Each structure stands twice: as C-alpha cells, then as structure tokens.
Amino acid sequence: MSAQLLQGGPLAQTMRAQVAQTVRELAEQGRPVCLAAVQAGERPESLMYVESQRRYCNEVGIDFRLKQLPDAVTQGAVMRAVQELNEDSGVHGIILQLPLPARIDAQAAQRAIDPRKDAEGIHPVNLGLLVYGVLQCAPCTAFACYHLIKSLDQDLYGMEAVVVGHSQIVGKPMGLLLQHDFCTVTTCHVATRDLAMHTRRADILVVAVGKARLITKEMLKPGAIVVDVGINQAPALSKKGKPLLDTEGKPRMRTVGDVDFEGAKEVAGWITPVPGGVGPLTTTMLLRNVAQAAKNLYLQERREHPELSGPLLPFDRGGET
Ligand code: NAP
C-alpha cells in the first residue's frame, strides 16, 4: 500500500483566501484588521519569524505592527506593552515573540494578553474554551493538524486517535480537538511504557515530539491517518540507509519529521510530508485566529452599540472565517 499525501499547502491557500475575504469586508466598513507583535532584543531567529509573519499578513490584507522593546526590558515594561495593545481598539491580535530575555516571565506576559486578542490561541481562557467544546480560537499547530484531518471528510466518530507528545501548544489541545469529534483519544508521552502498543491501534496518529524517526512503519495500523508535526534535522540517508556525505565528508543534513516517512508511507492510508504537511497551515491558522478575533470584536461592538450598526456584513449570517 502507498499512502496518499496529506499536504498543507492547498488547504492553507483556501483558508487564506477565506481570511482575506473577511479582512476585506471589515476594511470596507472602515475597520482594518491588525496583528501586533511584541519583541524584545534583536534575536536573529525571532526577527526572521517576525518578517515572515509580516509577509503572510500582507498577503491577506492584515496590517502588521511590531512593538520592539530593548534587550534590557523589564517585566513591567513588557506587561505595559501588552496592556497598551489590549486597550488599542485598532489592534485585533497580539503575539508575543519568543524567546524573551531569560529574566522575563513569558507565561505571565502571555496570560496578560486579552484572550479576545490571543492570536496564538494559547491563553488559558481559550484553552479552557476548548474543554467546553468551543473551537473558536485554538493553538495554531494543533488547529492546523485538526483542519488537515477534517479536510479528509471522514466520519471521525468513534475512531481511535493517538497523540504522541503532550505539550501545551500541540499535544494537549490536539487531544481536546479530536475528542470534540468523538474520537477515543490516547495521549502518549515520555512516561508511556509501550508506545508501539498504542500507536498500532491508531486510526489517527498525531506525532509532536521532536525526535527524528521515532515512529517506524512497524508501529502503524495499516490505512491510518498519520500527521507528523515534528521538525528535526537528521542525516540524509541513501536508499540503502547509509548516511550521505557532503563535499567535505560531513554528513548531509535534511529536515525530517518524527515519523520515518519512507517506511510509513507503505503502511499508512494518509501521511503528511515534512516539510510541506502541517507547517504551511500553522501560520495560516495564526491569520485565521486574528481574522476571527477581529470579527468577534466587531460583532461584540455591534451588540453593545446597536445605534452604530451599519448594514450586516456577509459573515453576520453565521459560519466560520
Ligand atoms: P515540546 O514542547 O518539546 O513537546 C514534546 C513532547 O514530546 C513533550 O510532551 C514530551 O514529553 C514528549 N516526548 C518526549 N520524548 C518522547 C518519547 N520518546 N515518546 C513520547 N513522547 C515524548 O515540543 P512541541 O512544541 O510540542 O513540538 C514538537 C515538535 O513539533 C518539535 O519538533 C517542533 O519543532 C515541532 N513543531 C512543528 C510545528 C509546525 O508547524 N510543523 C509547530 C510547532 C512545533 P515530556 O514533556 O513529558 O518530556
């Protein structure tokens, strides 16, 4: 059997077009949508991420604002920066660029973000809403995996779902999202005694660990939907499994997931490639969360101030961004 590829690109494109439409409709009402990022210090990896967020925002018409703080910033100054953005009615999404300087309590700063403007979907209020079954705004990576699985248009009711990894931003919310569709969810982690025993039962397997080739084909149920979140640098191998060397005789590295893709695709029914699977959708979910937040804030304002209401926007008639 050869698995079908579950690629994030096409779905990301469709979702970005939907986001762009919502953003356009809001802009036509004089309400341009804006994402604000808070960053401290000049960390090259963080700056690269900021630039790619700016580019993605531009593509869908979301304004992008950067609040740059000095490396020597205090906790109080970070909290004030967040508070100012919370109070700014022209800002609809806030993202805190990590890492922050080590002395800053990043979690406290993230908790200070108004949950209605939580672009990353990681505020305790939004994680709590997932427990309530409200899937309005969820952590971007978990939400990306969920949308990829849903794009297969299968009835998930009663499926065995196994999530490997229990981080706050991927594994834990992933389990909640799959339970929403009545999957029977097992979460595996570092203390799981017999990982293969669980993964072999999985109709849906989501792996978010960060260990190259942790999951091999022997650990899969034939026909399973396999979503590989992991991003790792590992030596590139020849068809015979030998490390490939560069011109200087050093091992050539390549980006791989947590699943041994070559083996797994012989057994799985669907599998996400790495790169090209979950990754392209993750940033799209950030844009989607911001557009959803802008829409919710707009609708809330209409409820609170009906006298200001203009004609209904198309999304008032229901449906998601
Ligand atoms: P994380 O916070 O480091 O979490 C990894 C999880 O794996 C932890 O829950 C850990 O358990 C568990 N774990 C460690 N060893 C294990 C083992 N042998 N068996 C089972 N579970 C094990 O990482 P993350 O942020 O969730 O990210 C996971 C991976 O996804 C990373 O490679 C990251 O780069 C990638 N990622 C990709 C995207 C994307 O868009 N594609 C987005 C985010 C992250 P303990 O905590 O108990 O040790």
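**View 1. The accessible surface of the protein chain, shown as a predicted model.** The protein chain exposes about 15,600 Å², of which carbon and sulfur atoms supply 54%; accessible areas come from the Shrake-Rupley method with a 1.4 Å probe, and for residues only the protein chains shown count as cover. Of its 321 residues, 48% count as buried, a term that stands for under 20% relative accessible area (1.4 Å probe, protein chains only). In this predicted model, local features need pLDDT of at least 70 and side-chain atom pairs count only at pLDDT 80 or more, while totals for chains, interfaces and linings use all residues. Residues are numbered from 1 along each chain as its sequence is written, and side-chain values use heavy atoms, with hydrogens and water left out.

View 2. Strand 2 covers residues 34-40, and seven of its seven residues are buried; strands here are DSSP runs (E, at least two residues), numbered from the N terminus.

**View 3. The pairing of strand 2 with strand 3.** Strand 3, which spans residues 63-69, runs beside strand 2 in the parallel sense, and the two pair over seven bridges, where pairing requires that DSSP finds at least two bridges between the strands. One of the residues to look for is A40, whose bridge partner in strand 3 is L69.

Key. Buried means under 20% relative accessible area, exposed over 50%, partly exposed in between (1.4 Å probe, protein chains only). Helices (H or I, at least four residues) and strands (E, at least two) are DSSP runs, numbered from the N terminus.
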